[in-house]
Amino acid sequence: MSDHGLVSLLQSALGVALVISLPLLLLALVSGVISGLLQSLANVHDAAAGFAPRLRVTATGALLLAGWMTAKVVDFAMRCWGGA
């Protein structure tokens, strides 16, 4: 495989990784902002209080999106090995 092919493969792999991780990162960001806002409104100064809601939302999102993420990875692997 040439250098150009390896660079193209790496770019494609990083693109797939970005597409797969972006929904979970956005869920964590939104839940963290909402949790932080509610903590500041309630005058709660505990850093651990925002961790549980963020973890729960992210884990639920990962469970709901697992099929879609798996399909993206399998599609990428098939394209790499020339299966589809």
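Predicted model: local features only at pLDDT ≥ 70, side-chain atom pairs only at ≥ 80, totals over all residues.
Residues are numbered from 1 along each chain as its sequence is written, and side-chain values use heavy atoms, with hydrogens and water left out.

**Overall form**

- The secondary structure of the protein chain comes to 2 helices and 0 strands, where helices (H or I, at least four residues) and strands (E, at least two) are DSSP runs numbered from the N terminus.
- The radius of gyration of the protein chain is 18 Å, well over the 12 Å that the globule rule gives for 84 residues, so the chain is more spread out than a compact globule; the radius is taken over C-alpha atoms, and the rule is 2.2 Å times the number of residues to the power 0.38.
- Taken along the principal axes, the box filled by the C-alpha atoms of the protein chain is roughly 60 × 25 × 15 Å.
- Of the 84 residues in the protein chain, 12% are buried, a term that means under 20% relative accessible area, with exposed meaning over 50% and partly exposed covering the values in between (1.4 Å probe, protein chains only).
- The accessible surface of the protein chain comes to about 6,300 Å², and 74% of that surface belongs to carbon and sulfur atoms; accessible areas come from the Shrake-Rupley method with a 1.4 Å probe, and for residues only the protein chains shown count as cover.
- Among contacts (heavy atoms within 4.5 Å) in the protein chain between residues at least 6 apart in sequence, 72% join residues at least 24 apart.

**Helix 2 and its packing**

- G61, M69 and F76 are buried in helix 2, and the buried residues of this helix pack against helix 1, which spans 3-42.
- Just after helix 2, the backbone at G82 takes a positive phi of about 75°.
- A search of the whole structure finds 1 salt bridge, defined as a side-chain nitrogen of Lys or Arg within 4 Å of a carboxyl oxygen of Asp or Glu, and the side chains of D75 and R79 meet in a salt bridge at 3.6 Å, N to O.
- D75 and R79 both lie in helix 2, 4 residues apart, about one turn of the helix; D75 is partly exposed at 39% relative accessibility, and R79 is likewise partly exposed, with a relative accessible area of 44%.

**Helix 1 and its surface**

- L18, L22, L26, L29 and V33 make a nonpolar surface patch of about 470 Å²; patches are made of residues with over 30% relative accessible area and no salt bridge, with like charges joined within 9 Å and nonpolar side chains (Val, Leu, Ile, Met, Phe, Trp, Tyr) joined within 5 Å.
- L26, one of the patch residues, lies in helix 1 and is partly exposed, with a relative accessible area of 45%.
- Q11 also has its place in helix 1 and counts as exposed at 56% relative accessibility, while its C-alpha atom is separated by 25 Å from that of L27, 16 residues apart along the chain.

**The loop and the residues beside it**

- G50, in the loop between helix 1 and helix 2, is buried with a relative accessible area of 5%, and, not counting residues up to four places away in sequence, G50 touches S35 and Q39.
- S35 is found in helix 1 and counts as buried at 9% relative accessibility; with the same exclusion of residues up to four places away, S35 touches A49, G50 and P53.
- The C-alpha atoms of G50 and S35 are separated by 5.6 Å, although these residues are 15 residues apart along the chain.
- G36, found in helix 1, is partly exposed with a relative accessible area of 33%, and the C-alpha atoms of G36 and F51, 15 residues apart along the chain, are separated by 9.9 Å.
- N43 lies in the loop between helix 1 and helix 2, where N43 counts as exposed at 57% relative accessibility and has a positive phi of about 60° although it is not a glycine.
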